[in-house]
Structure formats: C-alpha cells, structure tokens
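Student: I am new to this structure and would like to go through it slowly. Could we begin with the terms, and then take the parts in turn?

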Amino acid sequence: MNAPALPNPSPQPPHGRQPLTTTVRRIAKAAAFVALGLGSAAHAAGIRLEDDRGTTLELQAPAKRIVSLMPSLTETVCALDACDRLVGIDRHANWPASVKGLPQVGGIDDANIERIVALKPDLVLLRPRSRAAEPLERLGIKVLALDAKTHADMRRVMETVARATGRPGAGEAFWRKLDAGLDAARARVPAGWQGRRVYFEVHGGVAAASESSFIGETLARLGLANAVPGTLGPFPKMSPEFVVRADPDVLMVSALGEISAMAARPGWSAMSAIKRGRVCSFASARFDLMMRPGPRLDEAADAIVGCLASLGDPKP
C-alpha cells in the first residue's frame, strides 16, 4: 500500500533571493525612510529669521515676491541680485533705475495696504515703526522689519535680506566688499584733511549727523573728526550758535541749501569754513545716497573724498 501523499513543502526561492513578502516589506520601509528624510529636508529648507522688533519670522521658501517700503532696503535687495523679485516699492525709491517702473505703494507712514495686498507679496520689508506692519500681519502677509542706524546694523540687515531671499552668506560677502571700499576711500583722503572737523548738515539745516550716526561712522572711517558729539544722539537738532562755537573746518550740506543763505545765519559769516569757502555741497541724488544706510556706502565715501580733494589742502 502506498503511503499517503504528503503536502508539498513551500517552494523555496532561488538561491540569493528573498521571498516576495520580505521584499515588499523592505521596499515599504525604504519608502517610509525616504519620506521621513524628505519631510526633514522640507522642514530644514524653511528659513527662520528674527527682525528688529524681536519677532521671529518663518518662511517656507525663499521670498519670490517682495514689497519694500524703504529705499535702502530696496537697494539692498537689488545689490544682492534679487531685484527681479521686487513687485512693489515706496514712493522714494529711485535706485537702481529699473525699480522706477514698479508699482508704488506709499511710504513709511501712509502705505496703501490694499495696493500691497493686491500685489500678492510673500514678504514685505519695512522699518520697525512702520504703521503698515500690524494690518499686513493681520491679513496673513509675512513682514520683516529691519532698521540700520550703524555700520554694524547695515552689515546685519544685508545678511538678513540675503537669507530671506535664499542666499545665505551673500550679504556678508557684499559687506566685505563695502568695507574694502571704505578702506580704499580713506587712502585717498588728502593728508591735510586727516583729522579735520566736519559738520554734516541734514534735514534742511535743522539737524546734523553726529559721531554716533552711520554717517558719522563713515566720516570716522575716512579719518575725519565730527563737530557734533555722539552723546547728542545720531541726528540731533542743532542751533546756529552751536555750530558757530564748534567752528568746523568744513561744512557738508545738500545743494538745496545756498551758501549765501547759510552765511546769513546768526554768526555764521564769521566761521572759517564760510569765509574760506570750505563747503561740500552735494547734488540732490548724491545727497540722497549719503542719507541711506544701504549698499552704496562706498559711493558716499567716494563723494566725501572727492569734495575734500576739490577744496585743496586746508591751511592751518
């Protein structure tokens, strides 16, 4: 009698191969690992920034549509090769020339919120005290508030904008270029002007740039002294009498102010700078760039050096 047939054993996979179910499980695990890795990478791709209000801002990706409400910030975006990402600017922005064709959305105190929203920005750049920040954030628009009062601030702002546009390190690299430009400008200051005292007039003559302002820092980098102490604040209001007592070696002013009008101020006609014609009068466009804490800082330094050179060697 034949023995009862035994059930066939499970077929064995060819040598070196795993059962199909094992392979499927491994593929599933690998897919899960890749998905986890992609998720982590996506999270890592996000950009975390802190602005000058102390507010932390999270960007899921580099900003592609930017509205800038400050000329210096507009210039910074463009200096970092991101000008094509600007979709709106404030009314005073005028450099580079290409930005003049962009929609204007007002200024620091009267920004047009509806117009900004219509531009669909993924980031708005403005100063901390801008009234536009709160209503824009309520509408879900990302806001980055930045302010530059010193050279160190300018360096930090440049790198922050670079990171916001997905180019970390570009701001720092640009600052090194500016820093080298300041050193080169100092080397061109006529020897006779080194250490001479400057009165840099701003806001139509009612104020001046002191030692603690970014303009004052530029003057110091050029080896010049400032007639206005930093203890008075960056841009203090000045009385005509203060300037007469200070008797600076040179006056630096906007070309909008007439030298004859300055001479008519109480006591100014007796100042050596007025009597000897030691006045640097800058055209409006040039003066604008000197008043902006942005990426053309080296050009501002060049303008100062150029004027001093044109005045000749000062007499003792």
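Tutor: The model is a predicted one, in which local features need pLDDT of at least 70 and side-chain atom pairs count only at pLDDT 80 or more, while totals for chains, interfaces and linings use all residues. Residues are numbered from 1 along each chain as its sequence is written, and side-chain values use heavy atoms, with hydrogens and water left out.

Student: What average pLDDT does the protein have, and what share of the residues score at least 70?
Tutor: pLDDT is the predictor's confidence in each residue, from 0 to 100. Over residues 1–44 it stays under 50, and there the model has two contacts (heavy atoms within 4.5 Å) beyond four places in sequence. For the protein, the average is 87, and the share scoring at least 70 is 84%.

Student: Which strands pair with strand E7, and in which sense?
Tutor: Strands (E, at least two residues) and helices (H or I, at least four) are DSSP runs numbered from the N terminus, and two strands pair if DSSP finds at least two bridges between them. E7, residues 197–202, pairs in the parallel sense with E9 over two bridges, where Arg 197 stands opposite Ala 225. It also pairs in the parallel sense with E10 over three bridges, where Tyr 199 has Leu 251 as its bridge partner. The antiparallel pairing, over two bridges, is with E8.

Student: Which residue in the hairpin of E7 and E8 takes a positive phi?
Tutor: In the pairing of these strands, Val 202 stands opposite Ala 207 in E8. The hairpin has four residues between the strands, and the one with a positive phi, near 55°, is His 203.

Student: How many residues of E7 are buried?
Tutor: Buried means under 20% relative accessible area, exposed means over 50%, and partly exposed lies in between (1.4 Å probe, protein chains only). Strand E7 is mostly covered, and of its six residues the number buried is five.

Student: Is the disulfide of Cys 280 and Cys 307 left-handed or right-handed?
Tutor: A disulfide is a pair of cysteine sulfur atoms within 2.5 Å, and Cys 280 and Cys 307 are joined with an S to S distance of 2.0 Å. The pair links distant parts of the chain, since Cys 280 lies in strand E11 and Cys 307 in helix H12, 27 residues apart. Because the torsion about the S-S bond is about -105°, this disulfide is left-handed.

Student: What is the handedness of the link between Cys 78 and Cys 83?
Tutor: These two cysteines are also joined by a disulfide, with S to S 2.0 Å. With 55° about the S-S bond, their link is right-handed.

Student: Which residues touch the most other members of the largest nonpolar core, and which element gives the most to it?
Tutor: A nonpolar core is a set of buried Ala, Val, Leu, Ile, Met, Phe, Trp, Tyr and Cys residues joined through side-chain atoms within 4.5 Å. Of the 61 residues in the largest one, those touching the most other members are Met 252, Phe 282, Ile 304 and Leu 308. The element that gives the most to this core, with eight residues, is H12.
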